[in-house]
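Biologist: Could you walk me through this one, sheet and disulfides together?

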Amino acid sequence: MRLALGAAAFAVLIAAPTAGAPQEGADRSASGSLADGAEWRATVPANWNGTLLVWGHGYSSAKPAAEDAPANYRGELLRRGYALAGSSYAAAGWALDTAPRDQLDTIAAFTAKFGKPRHVIAWGASMGALVTTAMIERPHNGLDGGIALCGSIGGAVGMMNMALDGAYAFRTLLAPDSDIRLTEIDDDRANEGRVASVLAAAQATPQGRARVALAGVLAGIPGWTTGTRPADTDYVGQQANIAKSFVFGVFLPRSDQERRAGGNFSWNTNVDYRRQLALSGRSAMVRALYEAAGLNLQADLARLNAGKRIAAEPRAIAWMTANYTPNARPLAPLLAVQNIGDGMTSPSLQRAYVEAAARNAPNKVRALYVAGSGHCTFDAATVVDAVAMIEARIAQRRWPRPPARFVGYTPPPMLRSCLRGEACR
């Protein structure tokens, strides 16, 4: 959720010819301000192919400069003839209340300067993928398709509930008397420092490592988050991978969201942690680590089930549902791309959305998985292939065969699935 974004953009406004017509000369650029204070930027290459890609940036604690594409993708996309545009959003942080509208207004500003594109494809990474999903689900959005990269597209409420489960298990089993906060956090960084200290101590003992594994599984952290992928039965290696992403993958930034929402929006009332572990499909790993540590897994699960639970405030849930919990009813084709080993945005979030969309909007959504680790670490070739695939879906009205770089994969289920219009688990 933390994508650091670049420096300020300045450009000259130049009149453009008809969309898609190949032109001689240099790229043309434009930038400006939207009514709510968001900044936008756009670039049209000399060989514009008629398609506009609208970039949605990820979470940033400071309002970034407008960016029409990340630097590591921008040159290749321009070379291939795509026009690029994007906005800063009106505010920093969890800007889901304004970001979808800012992006759509950026399309309008682009059209006023350069003419109407032949096709418009929204794309974004991390929180920006959720912005893209919100745009795709909005009526009369004018989009032909979307690409959600490494996205929290399972929705804000479910994602944060799943993180709360992991955080609750961690504090209850490893630091019940600590000042680690689960909700109503005044300082995310200070809280993460407390978690890191407890985590380091836990990793020094077999008992601590087993309990970290349980908390990570409940939070949806995959068993591969960095380096070489551990074997399916390498439970020690998987636990170490969980630990490496635990602090930022479980104790996600909450203070900004709670401030916007007007209170705590996450809950674990009535959650049965025995059932959650069984649903995860990963209980074999947790059992093996508990047995090796000489711990009683059933006793720890009973302790979790007997612990003091956390309730949410209805008004805060309502705000986070609106900003943004998807309904999994996209109105244009959406391609979701995720690393198997993303410890920041669980691949389970993508599975939850794709499965719901299969019921609600058949043939509108396709998931692709990359045999890689880390958060949003895709190379330019992967992004280019994703763009080509959504373009083929737009043109053919059916999904083409995925490029060879993508692999077959089914993530573990999202344990706290919560989509708008459906019952929350």
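What follows is a short chat about the strands, the helices and the cysteines.

Modeller: Before you start: this is a predicted model, so local features need pLDDT of at least 70 and side-chain atom pairs count only at pLDDT 80 or more, while totals for chains, interfaces and linings use all residues. Numbering starts from 1 along each chain as its sequence is written, and side-chain values use heavy atoms, with hydrogens and water left out.

Biologist: Fine. In what order do the nine strands of the open sheet run?

Modeller: Strands here are DSSP runs of E, at least two residues, and helices are runs of H or I, at least four, both numbered from the N terminus. Two strands pair if DSSP finds at least two bridges between them. On that basis the sheet is open with mixed pairing, and the order is β1-β2-β4-β3-β5-β6-β7-β8-β9.

Biologist: Which strands stand at the edges?

Modeller: Look for strands with a single partner, so that one side of each is left without a neighbour in the sheet. Those are β1 (28–33) and β9 (406–407).

Biologist: In β4, which residue is the bridge partner of Trp40?

Modeller: Strand β2 (residues 39–44) pairs with β4 (residues 83–87) in the antiparallel sense, over four bridges. In β4, Trp40 finds its bridge partner in Ser87.

Biologist: What angle does helix α2 make with β4?

Modeller: Helix α2 (residues 99–114) packs on the sheet and touches β1, β2, β3 (51–56), β4 and β5 (119–125); contact means heavy atoms within 4.5 Å. Axes are lines fitted to C-alpha atoms, for helices over the stretch in contact, and angles run from 0 to 180 degrees between N-to-C directions. With β4, the helix makes about 135°.

Biologist: Is Cys424 buried or partly exposed?

Modeller: Buried means under 20% relative accessible area, exposed over 50%, and partly exposed in between (1.4 Å probe, protein chains only). Its disulfide partner is Cys418, S to S 1.9 Å, and Cys418 is buried at 6%. Cys424 has a relative accessible area of 36%, so the call is partly exposed.

Notes: Disulfide = S-S within 2.5 Å.
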